[in-house]
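Welcome! Here is a short briefing to read alongside the sequence and the 3D view.

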Amino acid sequence: MVKKIRKIVLFAFIFSQMSYIYFFQVPQYIPGETAGFTNASDTLSNSRLSYRAGVATGTSGSSVVTIDASGNADNDTTHLFPKDTLCFGNSALSGCIGSKTYNVANVIDGTTFNINEPLSNNLDTSGYAIASQSAVHTIVFTLANSVPSNGDILITIPAVDANTVTNDSFPDTNSSIATNGFDLNGLSATDVSVSSSGCANDWNATETITAGGASSDHTIRIDRTTSSCAAGATITVTVGGTKKLINPAPISTGHTKGTADIYTINVKTRDGSDYTIDQSNIKVAVIEGVLVSATVQETLSVAVAGVSSSTSACGQTTSVTTTATSVPWGVISSFGSFLNAAQTVTVSTNAGSGYVVKAEENDQMGKDGVACSGPNANASNSCIQDTVCNGTGCTESTSQDWTSGTFYGLGYSLANVSGTDAAFTYNESSRTFSSKQFADQEASETKQTIMSKNVPVESSQAYLCYRLSVPAIQPAGYYYNRVQLTATATF
């Protein structure tokens with residue numbers, strides 16, 4: 001009987017110790033079972049797709065260049081703007097011909113443009129006309145699980161499916177988004193920075209950057225060093241410094257101007273054994289003239305479309321027909337009276353925290369692209385000024401009514417078409433045409449919201465209405481500037 005009691009006691013003791021050991025060895029996460037980040041996004045500093053067209057003609061001593069109208073990423077000049085910097089490359093893209101770049105002076109028609117000076121060399125008719133667009137990527141995410149001291153962040157960026165061109169500093173193109181990507185452009189560790197909120201900023205400053213190839217994408221690995229980073233910490237990774245990733249050119253099959261090509265950037269955290277802890281796919285969209293970013297394996301679509309003349313928009317009848325990429329005012333012969341134009345901006349996203357679209361201009365409208373120094377340049381400076389509305393001092397951030405064409409300039413207003421997403425409307429506060437200036441990059445003004453929502457939306461649409469009036473003393477000539485939209489969705 002005593003031996004039996006001793007066996008029962010021993011079994012109970014062993015069982016209690018086994019339970020004790022099991023309780024304290026439960027891991028914080030199970031490798032292979034990952035969580036998604038919260039509030040993840042990638043905002044690009046430059047929205048534009050790169051331009052990449054084939055060369056048809058270009059002769060030394062001439063300033064006229066004609067592009068090939070078929071078989072390339074860009075087959076017309078609709079996404080080529082005055083002052084764009086052009087590199088004319090040979091068929092192998094081994095550099096710019098004559099080691100020289102040029103600027104676009106003006107676009108003549110759908111396949112022909114002038115450059116700012118005569119060509120120094122004959123162009124290669126099997127080569128390319130390229131206007132690269134690069135961007136800083138600001139990637140922000142909040143950890144769902146902690147990253148240990150021997151862990152890391154791994155960012156995977158799409159690269160074109162080719163061995164030799166993923167890091168040659170020329171924009172890439174392919175037949176589909178799945179096989180296209182961003183050129184690494186010689187990016188180094190000095191061009192990447194990391195900051196943390198909610199944990200010590202113990203990230204290795206010497207990031208490991210690997211260029212993609214025929215079957216791999218670019219990667220950026222950022223190692224944790226001396227301490228763990230707790231769940232709930234917010235991490236910001238800035239990719240781009242002296243060198244920046246080059247935006248893709250449009251895909252060569254199936255791209256529609258005004259509709260974004262959407263790429264997926266994967267961000268993950270890993271432990272010391274390279275097991276994934278958290279990860280999210282961030283959708284990034286690039287489009288002609290429009291910067292778009294989307295987040296966390298979800299959907300975002302943004303489209304800009306033209307509006308025909310004689311359309312009622314923002315309480316006015318439009319004077320000209322616009323396209324997705326242009327507002328052609330044409331020849332102005334009536335002074336001190338309004339011209340009106342409009343485009344539609346349509347947004348869909350299932351982002352839990354919604355989206356925001358912002359607008360800005362590169363400068364006021366300048367004759368032949370002259371720089372309009374400061375926010376108050378006007379006809380005496382060969383500039384079409386930004387509107388002051390009815391003389392009451394509307395700005396890029398403050399709207400006022402604009403009803404008299406004798407107050408000159410360029411301005412805009414908004415009207416909801418579907419949804420209630422417009423930041424303000426033309427008839428707010430019982431006004432006739434409530435207006436603002438476009439934020440002026442040249443004057444260092446801050447881009448302003450034109451549409452937003454803090455919940456998912458389906459085909460929310462607004463009119464972006466342009467208004468122009470010029471004085472009789474406006475110097476004759478060709479005036480232009482560029483308006484750019486930036487869209488960001490947050491989950």
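Aspartate 183 is buried, with a relative accessible area of 0%; buried means under 20% relative accessible area, exposed over 50%, and partly exposed in between (1.4 Å probe, protein chains only). This is a predicted model: local features need pLDDT of at least 70, side-chain atom pairs count only at pLDDT 80 or more, and totals for chains, interfaces and linings use all residues. Residues are numbered from 1 along each chain as its sequence is written, and side-chain values use heavy atoms, with hydrogens and water left out.

**Around aspartate 183**

- Aspartate 183 sits in the loop between strand 10 (152-157) and strand 11 (192-197); strands (E, at least two residues) are DSSP runs, numbered from the N terminus.
- Not counting residues up to four places away in sequence, aspartate 183 touches several residues, among them Phe170, His218 and Leu245, where contact means heavy atoms within 4.5 Å.
- A polar atom of the aspartate 183 side chain lies 3.2 Å from the backbone nitrogen of aspartate 168.
- Valine 160 is 23 residues from aspartate 183 in sequence, and the two are 7.7 Å apart in space, C-alpha to C-alpha.

- Four strands form an open sheet in the order 1-9-14-11, with antiparallel pairing; two strands pair if DSSP finds at least two bridges between them.
- Strand 1 (38-44) and strand 11 stand at the edges with a single partner strand each, so one side of each has no neighbour in the sheet.
- Strand 11 pairs with strand 14 (residues 234-239) in the antiparallel sense over six bridges, and serine 197 stands opposite threonine 234 in strand 14.

**A barrel**

- Six strands close into a barrel in the order 2-3-6-5-4-7, and the pairing is antiparallel.
- Strand 5 (residues 96-107) and strand 6 (residues 112-115) pair in the antiparallel sense over three bridges.
- Asparagine 106 stands opposite asparagine 114 in strand 6.

**Around arginine 467**

- Arginine 467 belongs to strand 30 (residues 457-469).
- Arginine 467 is buried yet has no salt bridge, and the nearest side chain of opposite charge, aspartate 401, is 6.8 Å away.
- A salt bridge is a side-chain nitrogen of Lys or Arg within 4 Å of a carboxyl oxygen of Asp or Glu; Lys and Arg count as positive and Asp and Glu as negative, while His and the chain ends are not counted.
- Leaving aside neighbours within four places in sequence, the contacts of arginine 467 include Gln316, Trp329, Trp402 and Phe433.

Definitions and conventions
A polar contact is a pair of N or O atoms within 3.5 Å; within protein, one must be able to donate a hydrogen and the other to accept it, and residues adjacent in sequence count only if both atoms are side-chain atoms.
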